Amino acid sequence: MEQKVFGLGLSKTGTSSLVEALNLLGIKSVHYPHDERTYSELRSGNYRLSFLDEYQGAADIPVAPFYAQLDREFPGSKFILTTREQEAWLRSCEMHWRLMREWRENFPRFNRFHEFIGACVYGTIEFNRDRFAYVYDLHARNVCDYFKDRGDDFLVMDICAGEGWDKLCAFLKCDTPNESFPRANEWMHLLMRAAEDVARVVPEGESFILVDGQGFGSDFAQGRRQIPFLEQNGEYWGAPADDRTAINELERLRAGRASHLVIGFPSFWWLNYYAEFAAYLLDRFPCLVKNDSVVIFDLRA
């Protein structure tokens, strides 16, 4: 148990997928440990972390910046730096920080840990593109320099680009499982693609109708006003009772200058359940985007 596996990748570099993979290999691992004891130990510079009495592996930023100390405390351990194409990583971090802001406000204890570890790693609490890009490059360079000439102990892995079992199992000297390599946080990837499509198609400053079952959050599309569907007094009012209700509400909001209708993946079932409403849309309005994350209609036609 002295020999651990530490994932040194920064946030949104496939750390959740790595932890799932380690657990499938029988290496009991935890993602983003943020309990009170871990918070107290990291604050006091105690890197003999208590949760490692139970777990053999850990990943994400609660361990990523402390690789030198963990290397000393747990000799013979393995270290994996997960990486990602930087521009995609920055977009993912920006979306994640924005969406998590609302959630963190409801969980002050988690928010305290998140702000502490975020300041340790990034030097900022909120997302800052220039600072994050700088930290990404610096962290990768420092980690690779530290583990230079230690190929038996250190692996660089790009899970987001498709690297998986072959590379990981060769490094850990274990058999390859008879199942697909895990791809965690698929929901976040879909949400990011949906946000990118809305930003590309809906002009800044416009209002659009959002059908998402409240799954995308209130801060989904920056620079654009999202209108929940159904809507009363600016609030989400649940799914429509029938097709006619949906069509009438669509036309009411369209008359109020909503320029687009966006159907997010949590509500794709609408297009089957409300068949008459779906036919009404397809008959009258151009479908600008249709993929696995979002469907967007242009209501200006």
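User: Hi! What is the relative accessible area of glutamate 73?
Analyst: Glutamate 73 has 25%, so it counts as partly exposed (buried is under 20%, exposed over 50%, partly exposed in between; 1.4 Å probe, protein chains only). This is a predicted model, where local features need pLDDT of at least 70 and side-chain atom pairs 80 or more, while totals for chains, interfaces and linings use all residues. Residues are numbered from 1 along each chain as its sequence is written, and side-chain values use heavy atoms, without hydrogens and water.

User: Which residue forms a salt bridge with glutamate 73?
Analyst: That's arginine 48, with the closest N and O atoms 3.9 Å apart. A salt bridge here puts a side-chain nitrogen of Lys or Arg within 4 Å of a carboxyl oxygen of Asp or Glu.

User: And how many salt bridges are there?
Analyst: The count comes to 17. In one of them, arginine 91 meets glutamate 196 at 2.8 Å. Arginine 91 lies in helix H4 (86-105) and glutamate 196 in helix H8 (186-201), so the pair ties together parts 105 residues apart in sequence. Helices (H or I, at least four residues) and strands (E, at least two) are DSSP runs, numbered from the N terminus.

User: New topic: what is the strand order in the open sheet?
Analyst: The five strands run E7-E6-E10-E12-E11, with mixed pairing (strands pair if DSSP finds at least two bridges between them). E7 (225-228) and E11 (287-290) are the edge strands, each pairing on one side only.

User: In which sense do E11 and E12 pair?
Analyst: They pair in the antiparallel sense, over three bridges. Lysine 290 has valine 295 in E12 as its bridge partner.
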